[in-house]
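I opened my notebook to look at how two chains meet. Here are my entries, in the order I made them.

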Number of protein chains: 2
Amino acid sequence: MRIVAAKKILKANDQLAAENRERFRTAGVFVVNVLGSPGGGKTTLIEALVGKLQPKRGLAVIEGDLAGTVDADRLSARGIPALQIATEGICHLDANMIAAASRELDLTQCDWLFIENVGNLVCPAGFDLGENLRIVLLSVPEGDDKLIKYPTIFQSSDAVVITKADLLPHFEFRPERVAEDLGKLNPKAVVFLTSARTGQGLSELAAWLRDKSQGSHGPQAGP
Amino acid sequence: MRIVAAKKILKANDQLAAENRERFRTAGVFVVNVLGSPGGGKTTLIEALVGKLQPKRGLAVIEGDLAGTVDADRLSARGIPALQIATEGICHLDANMIAAASRELDLTQCDWLFIENVGNLVCPAGFDLGENLRIVLLSVPEGDDKLIKYPTIFQSSDAVVITKADLLPHFEFRPERVAEDLGKLNPKAVVFLTSARTGQGLSELAAWLRDKSQGSHGPQAGP
């Protein structure tokens, strides 16, 4: 039996992530790793951002799920190039999966790549994929206490995107509590309050993403 | 460095789970492992079931979270004996944690023990805790496509409890799709449609739980 220690796997992941990051940088692709619970609105947010970001070359999506092709089918039906990774039971994406998947994409045809991770507030936090930005979604129905319960993922993200804000009247969810808790865990991160249904907050989020992409090599810098 | 293979850990977990199961059986405690996504309504469902189950001796709860004591504090404030396990980053509870936690409980004072697992639709599926029943929650805001995306957890559960059914008018969620998908994945499992807010379905769920506990050694059989 071959035994591999977790530390070695994580080290190998970091190495592969650095290679991914360099490949994406050279190709002029800005990469966003999208995290969040199952059903938190990751696919819907990506769909809503396509029009707002106005990519120069194009926007592609890598979808991670344990099984099935539900999300990739949904995006493809809307004309968004989408590739599905079936993790076959694994609870997160890793840099090796992204290396393999990104070789299937024509990077000359996109300047934005969104990676929708497996719906999970725990495991994806530990795996760098080679992304430029990491955003974590928190939907209003999940409750405003999640930063206390799942600190690691919020500590490792650049932004918290509160989704389904149109449902605020139906829940005891205080966006200001999220901002307060995030201030303690990860003061550099920012919070957006959004609803894909009403459009609330999407322009602000898109502007922030564009700004970040320009600060990096970014789509605007070109290959 | 000590290296332990995953298979050995799982084997050890199964052994510890069997020991837990025997300890609970001897004490006349019926144990329910409650799974589901973060914010799916696990704590709220347990709170709502306390009155419905009418335990003879009492009902205790073991709470699993990465950090914090939010849920145990909430249950304790309502007079429900609750013990918090802080997994410190681990994405699921295991039988060893339950063995340690259950030694802190006075099992002579309860005939029901609910274990609220870490909010996660992936990892908890692989770990037997020594429970009698495993139920997985699926909240309406999460969407009705989750059985396709996260099949393992639905395959390993005795019931799917749809929660937040009062929100059905606000979402495109078809309970019949859940029943259909479950019929393919796990035909022996049953589906309950519930709302802790309106009380919908709670009596049916409580009746089913009582029936299962009687079919087992159960609270009624006594220690």
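How many residues of chain A are in contact with chain B? I find 34 residues of chain A in contact with 34 residues of chain B, where contact means heavy atoms within 4.5 Å.

A note on the ground rules: this is a predicted model, in which local features need pLDDT of at least 70 and side-chain atom pairs count only at pLDDT 80 or more, while totals for chains, interfaces and linings use all residues. Residues are numbered from 1 along each chain as its sequence is written, chains are lettered from A and ligands numbered from 1 in the order written, and side-chain values use heavy atoms, with hydrogens and water left out.

The same surface serves both, as 100% of the contact residues of chain A recur in chain B.

Then I checked the area. The two chains, A and B, bury about 2800 Å² between them, 66% of it on carbon and sulfur atoms (accessible area, 1.4 Å probe, lost on being put together, summed over both parts).

Last, I looked for charged pairs. I count two salt bridges across the interface of chain A and chain B (a side-chain nitrogen of Lys or Arg within 4 Å of a carboxyl oxygen of Asp or Glu). Lys149(A) forms a salt bridge with Asp71(B), their closest N and O atoms being 2.8 Å apart.
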